[in-house]
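Author: Please open the sequence and the model side by side, and we will work through them by question and answer.

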Amino acid sequence: MNISYLSCQDRYCGLGQYTENLAIASNSQGASVKAYRKDHSDGHLFKAYPYRSFKKLRPYVAPYYLSKAIASDHADIWQADYVDAAMAAIMAGKRDNLFVTIHDAIPFVHGNNSAAFRYYQWQLERANRHAQAIIVVSNHAKKEVIKHTTINPDRIHVVHNGINHQVYQPVTHSNSSSTNDNESEEFVVRYLGGLGAPHKNAMALLHTAKLLQQARQDVRFEIGGHLPENHRLRIAAKEMQLDNLVFKGFIKDDEMTSFYQGADLFFFPSLLEGFGFPPLEAMACGTPALVSDIPVLRETLGTAACFAHPTPEDFADAILSMKRNTLLRSELALAGIKQAQKYTWDKAAKQMKELYLSAVD
């Protein structure tokens with residue numbers, strides 16, 4: 001089976017990682033694989049196509065460049081990682097055996113009447129019209145897509161994402177000396193997972209930190225992710241005079257595992273997700289997770305995380321409970337490792353192959 005994976009993104013974003021991990025897993029299972037993305041060609045699996053960003057026009061021009069790159073290629077299966085990549089396939093005439101992953105219905109929840117949202121709706125309609133099947137990454141995402149779109153539920157298939165367990169793994173004796181650089185008695189709470197989108201609920205990080213600072217609790221919040229100096233979160237943190245919260249900046253790929261491992265608790269206040277990578281990655285690293293009590297995280301994390309109603313008050317109470325209860329943290333750490341092991345890219349690639357075979361027969 002020849003599979004071409006299509007992406008309008010680079011390898012560093014979530015969609016790029018989705019395409020990369022699926023392509024590698026499919027290749028290891030014997031499929032003939034080629035993956036297209038905007039950067040990082042390796043001469044074998046991944047082909048980078050020529051691309052110009054035109055600043056804010058990326059969503060509009062990226063499909064054009066990708067369509068040109070694949071125009072003369074042939075494949076048994078065309079797998080698009082999002083509606084923009086699906087548009088590229090359609091523009092290139094690759095409409096047979098096209099499969100499209102749309103991940104979630106977040107654009108409908110936080111969308112508006114902007115031109116960008118209307119364009120997304122148009123892309124989704126075209127993808128639905130031409131795709132052999134639509135793939136989502138959780139059962140909750142399927143329910144939301146059915147709720148917000150006219151896609152036939154029978155055409156929507158759930159294939160959970162995987163976790164790269166070669167990267168995200170618990171502390172071992174050989175690296176334990178380097179994973180926790182905080183030798184004080186502070187209880188370290190860390191966050192990673194996006195700071196700009198409204199559904200990430202990033203302001204809850206600050207308000208929770210403020211409550212614990214006012215209560216004189218020895219808790220330190222460390223926030224990963226690039227933020228310019230004039231970002232509203234930095235401004236808000238200064239105005240709130242938070243002494244117990246620091247912005248750690250962009251966390252490089254080779255630093256993410258140690259970032260997770262070095263925390264006493266991983267905190268994820270998001271209000272809406274399609275799957276929820278960060279808490280599972282933290283759990284795979286042996287770090288207990290405190291997350292918002294929302295349906296999709298109940299689905300993916302099972303009973304292996306601490307769930308709280310998404311308010312700063314409830315988050316603060318949960319952090320204090322976790323700080324005081326070392327036995328609970330140990331139990332959740334072990335349960336989290338076991339839960340994360342349920343998700344692998346090999347499993348996802350096998351399920352995708354079964355879907356391809358059943359859909360094209």
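Reader: How many bridges join β4 to β5?
Author: The two strands run parallel, and Q79 stands opposite F99 in β5, in a predicted model where local features need pLDDT of at least 70 and side-chain atom pairs count only at pLDDT 80 or more, while totals for chains, interfaces and linings use all residues. Residues are numbered from 1 along each chain as its sequence is written, and side-chain values use heavy atoms, with hydrogens and water left out. Helices (H or I, at least four residues) and strands (E, at least two) are DSSP runs numbered from the N terminus, and two strands pair if DSSP finds at least two bridges between them. For β4 and β5 the number of bridges is 3.

Reader: Which hand does the crossover from β4 through α3 to β5 have?
Author: The test is to look with the strands pointing away from the viewer: a crossover is right-handed if the path from the first strand over the helix to the second runs clockwise. By that test, the β-α-β crossover that leads from β4 through α3 to β5 is right-handed.

Reader: How many of the residues of β5 are buried?
Author: Buried means under 20% relative accessible area, exposed means over 50%, and partly exposed lies in between, with a 1.4 Å probe and protein chains only. In a regular strand the side chains alternate between the two faces of the sheet. In β5, L98, V100 and I102 point one way and F99, T101 and H103 the other way, with both sets buried. For this strand, spanning residues 98-103, the count of buried residues is therefore 6 of 6.

Reader: Which residue has its side chain in polar contact with that of D81?
Author: D81 is placed in the loop between β4 (77-80) and α3 (83-91), and at 1% relative accessibility it counts as buried. Its contacts (heavy atoms within 4.5 Å), leaving out residues up to four places away in sequence, include C8, Y18, T101 and H103. A polar contact is a pair of N or O atoms within 3.5 Å, where within protein one must be able to donate a hydrogen and the other to accept it, and where residues adjacent in sequence count only if both atoms are side-chain atoms. At 3.0 Å, the side-chain partner of D81 is T19.

Reader: How many residues are in the largest nonpolar core?
Author: A nonpolar core is a set of buried Ala, Val, Leu, Ile, Met, Phe, Trp, Tyr and Cys residues joined through side-chain atoms within 4.5 Å. Those with the most contacts inside the largest one are L206, F221, L290 and I319, and among the residues that I319 touches are F187, T208, F221 and L290. Apart from it lies another core of 36 residues, including W78 and F117. The number of residues in the largest core is 82.

Reader: Which residue of β10 is the bridge partner of F221?
Author: Strand β9 (residues 219-224) and strand β10 (residues 245-249) pair in the parallel sense over 4 bridges. Together with helix α9 (residues 232-239) they make a right-handed β-α-β unit. The bridge partner of F221 in β10 is L245.

Reader: How many residues of α11 are buried?
Author: The elements that cover the buried residues of α11 include β12 (289-292) and α14 (326-340). P278, P279, L280, E281, A282, M283 and A284 are the buried ones. For this helix, residues 277-284, the count is 7 of 8.
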